[in-house]
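This report concerns the fold of one protein chain. Please view the sequence and the structure together while reading.

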Amino acid sequence: MAWPVQYLRDHLVHVAVVAFFAAYPGLYAVATNSPVGQEMAYLLPRVETMIAVFYFGLFAMSFDFVSGYTGYLSFGHAAFYGAGAYLVVLASNGKVPFLPVDTPFLALLVLGGLVALALALVIGAVSFRLTGVYFAMITLGFSQVLYVFVRDWDYVGSNPRDGVAVLERTAPFNVGVPGVDSLNLAIGQLAGESVEGFLGFLTFSPAEVSYYMVGLVVVGCYFALQRIVHSPFGRVLVAIRENEERARAVGYDTFRYKLGAFALSAFFAGVAGGLFAGFRRSVTPENSFYFLVAGDALLASIIGGFGTVAGPLYGRLFDETVREFLSKGGEGGGLLPFLDGSLGEATLSAVLYNGLTVGEAIDTFLNGHAALYLGIVFVLFVLYVPNGLLGTLRDRLGGTVADRLPGHVARAVRSRTETRSASDDD
């Protein structure tokens, strides 16, 4: 038992974070049913929102893997996300040769990742001949070429501009152990399944089942990325980011390392796109191949912290939480419905200036302007928290959170214990 205990001690932060996400649906249910449940519903992201955080967070992590660890910004990363998404949908409609419509979902995720990987090798072989802004622009150009191609490709559907839905496949998209029906659960907004009587007393809604199944895939991909980052291969990527000429001078073929990192990041981006398409059972060019999808990944990476594998996930969580909090009425909890429900009629009808009432001002400045205020938050992050949430925390701790936080906690507990003992002696 010594090895498992030591492993848990070394990865205490990871265990705590995974445990928190595992408990989140239950914590959300308890919080929203408490005496302050209405306020908690306004503040906490819904379980459905967390599912989107998971699969897009994986895409943002894949973006950060190449951009944060090599220093090469891939503005065209949406091409790989879209490739994985369209592979899942097209295969499920019987439009991919040699792939039946009932191909297991996990196999489609892997194939989507491999298609994205192959695409990255082609794009990277050309793009990595350039550096800096030229690299960013050429990857953006490739992505936009694919976006226009898919948007006008009649083969994908009758109206490719509006996207394509899963029509031929009637079986749900299952995540679990292949070949064992009892260990497979369906995900999806409409096709997801519920679980009753788990361990004799636990019941999970379709949204909660999708949350855990999508989260399971994302956690596996996260630890795979962590393993790669902390391998000798990952150390070379950091060396390239810090000083590529020096890395080349000591004998590393930097072109191959960069291309390998690009291909690996594309694989995980393709898996993320496949999860997105499997959960939604549809995909459009705008929410997959469009360059602003990569822009959202860049936003998540900057908020969470470049060069931190988990940072983009937290950045996306922050992004979605702020968006939901500032969302307009009818789109879940948030500031606008909270103010409308908590302020009295007399307050809402009070005139502020030139006939403008409080209620009209709230609706004018909050309704539908979440992106505006998120942009302001983004500017503040760039100015005052340039290393992002996780990066700033690393700077404060003097190293990675997983390595330093347990020691800081242990020293704090030890100091408090010694102080208490000295007080008792006195």
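## Overall make-up

The model is a predicted one. The protein contains 19 helices and eight strands. It has 426 residues, of which 43% count as buried. Considering contacts between residues at least 6 apart in sequence, 69% link residues that are at least 24 apart.

In soluble globular proteins, nonpolar side chains tend to be buried together. Here the largest nonpolar core comprises 89 residues, and Tyr55, Phe80 and Leu275 have the most contacts inside it. Helix H4, residues 47–70, supplies the largest share of this core with 16 residues. Tyrosine 55 illustrates these contacts: beyond neighbours within four places in sequence, its partners are Tyr81, Val214, Val218, Ala272, Leu275, Phe276, Phe279 and Arg280.

Another core lies apart from the largest one and has seven residues, including Ile303, Ala370, Leu374 and Phe381.

## Helices H4 and H8

Two packed helices are described by the angle between their axes and the distance between the axes. For H4 and helix H8 (residues 206–229), the axes come within 8 Å and cross at roughly 15 degrees. Angles under 35 degrees count as roughly parallel, so H4 is roughly parallel to H8. The crossing of H4 with H8 is left-handed.

On the H4 side, the contact is formed by Val47, Glu48, Met50, Ile51, Phe54, Tyr55, Leu58, Met61, Phe65 and Tyr69. On the H8 side, the residues are Ala207, Glu208, Ser210, Tyr211, Val214, Gly215, Val218, Cys221, Tyr222, Leu225, Ile228 and Val229. Sorted by class, the contact of H4 with H8 consists of 18 nonpolar, two polar and two charged residues.

## Two residues of H4

Phenylalanine 54 is located in helix H4. Its relative accessibility is 6%, so phenylalanine 54 counts as buried. Leaving out neighbours within four places in sequence, phenylalanine 54 touches Phe21, Tyr211, Val214, Gly215, Val218 and Leu313.

Serine 62 also belongs to helix H4. Is serine 62 buried or exposed? With 0% relative accessibility, serine 62 counts as buried. Apart from neighbours within four places in sequence, serine 62 is in contact with His77, Ser265, Phe268 and Ala269.

## Helices H6 and H7

Helix H6 (residues 105–127) packs with helix H7 (residues 132–151) at an angle of about 140 degrees, and their axes are 10 Å apart. An angle over 145 degrees would count as roughly antiparallel; H6 is therefore oblique to H7. The crossing of these two helices is right-handed.

Leu119, Ile123, Val126 and Ser127 of H6 meet Phe135, Ile138, Thr139, Phe142 and Leu146 of H7. The contact of H6 with H7 is made up of seven nonpolar and two polar residues, with no charged residue.

## Helices H14 and H16

Helix H14 (residues 335–342) and helix H16 (residues 358–366) have axes 10 Å apart and pack at an angle of about 175 degrees. The angle therefore makes H14 roughly antiparallel to H16.

From H14, the contact involves Leu335, Leu336, Leu339 and Asp340. From H16, it involves Ile362, Asp363 and Leu366. The contact of H14 with H16 has five nonpolar and two charged residues, and no polar ones.

## Positive phi in loop residues

Which residues other than glycine can be noted for a positive phi? Phenylalanine 98 is one of them, with a positive phi of about 70 degrees. Phenylalanine 98 sits in the loop between helix H5 (78–92) and H6. At 86% relative accessibility, phenylalanine 98 counts as exposed.

Arginine 281 likewise has a positive phi, near 60 degrees, and is not a glycine. Arginine 281 occupies the loop between helix H11 (254–280) and strand E6 (282–283). The relative accessible area of arginine 281 is 17%, so this residue is buried; the cut-off for buried is under 20%.

Note on methods. Residues numbered from 1 in each chain as written. Predicted model: local features only at pLDDT ≥ 70, side-chain atom pairs only at ≥ 80, totals over all residues. Heavy atoms only, no water. Axes fitted to C-alpha atoms, helices over the stretch in contact; angles between N-to-C directions. Helix = DSSP H or I, 4+ residues; strand = E, 2+ residues; numbered from the N terminus. Parallel < 35°, antiparallel > 145°, perpendicular 65-115°, else oblique. Contact = heavy atoms within 4.5 Å. Nonpolar A, V, L, I, M, F, W, Y, C, P; charged D, E, K, R; others polar. Core = buried A, V, L, I, M, F, W, Y, C linked by side-chain atoms within 4.5 Å. Buried < 20%, exposed > 50% of the residue type's maximum accessible area, 1.4 Å probe, protein only. Left-handed = near helix turned anticlockwise from the far one by under 90°.
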